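User: Let's go through some of the labels used for this model. I'd like to see what stands behind each one.

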Amino acid sequence: LAPLPEAELVRSPLQLYRYLLRCCRQLPDESIRQHYSHAVRQSFRVHADEDNPERIQQIIKRAIEDADWVMNK
């Protein structure tokens, strides 16, 4: 599966959250979808109080790279 074309448009944590959940919906197996959806929600909660813009961009970049890896697995 290819990554969604909107990856380059992700600029904010909320956009990242929505992008990752859309990626999860494309996964083939229901249990895998549930696992990654849960992981996305947990990670969003863990990083919700992050206020350093540079750190936020690092998190976004890494999350998109990780999503690409999962989608191509």
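Analyst: Let's start in helix α2, residues 30-46, which holds both glutamate 30 and arginine 33. They sit 3 residues apart, about one turn of the helix. Helices here are DSSP runs (H or I, at least four residues; strands are E, at least two), numbered from the N terminus. This is a predicted model, so local features need pLDDT of at least 70 and side-chain atom pairs count only at pLDDT 80 or more, while totals for chains, interfaces and linings use all residues. Residues are numbered from 1 along each chain as its sequence is written, and side-chain values use heavy atoms, with hydrogens and water left out.

User: What makes glutamate 30 and arginine 33 a salt bridge?

Analyst: The term asks for a side-chain nitrogen of Lys or Arg within 4 Å of a carboxyl oxygen of Asp or Glu. For glutamate 30 and arginine 33, the closest N and O atoms are 2.6 Å apart, so the pair qualifies.

User: Why is glutamate 30 called partly exposed?

Analyst: Buried means under 20% relative accessible area, exposed means over 50%, and partly exposed is in between (1.4 Å probe, protein chains only). Glutamate 30 has 42%, so it lands in the middle class. Arginine 33, with 22%, is partly exposed too.

User: How many salt bridges does a search of the whole structure find?

Analyst: There are 3. One of them joins lysine 61 and glutamate 65, with the closest N and O atoms 2.7 Å apart. Both residues lie in helix α3 (residues 53-72), 4 residues apart. Aspartate 66 also pairs with arginine 62, at 3.0 Å between the closest N and O atoms, and those two belong to α3 as well.

User: Is lysine 61 exposed or buried?

Analyst: Exposed: its relative accessible area is 54%. Glutamate 65, at 40%, is partly exposed, and aspartate 66 is partly exposed at 35%.

User: How do you know that α1 and α2 are roughly antiparallel?

Analyst: Helix α1 (residues 13-25) packs on α2 at about 170 degrees, with the axes 9 Å apart. Axes are lines fitted to C-alpha atoms, for helices over the stretch in contact, and angles run from 0 to 180 degrees between N-to-C directions. Under 35 degrees is roughly parallel, over 145 roughly antiparallel, 65 to 115 roughly perpendicular, and the rest oblique. So α1 and α2 come out roughly antiparallel.

User: Which residues of α1 meet α2?

Analyst: Among them are Tyr17, Leu20 and Leu21 in α1, while the α2 side includes Tyr36, Val40 and Phe44. Contact means heavy atoms within 4.5 Å.
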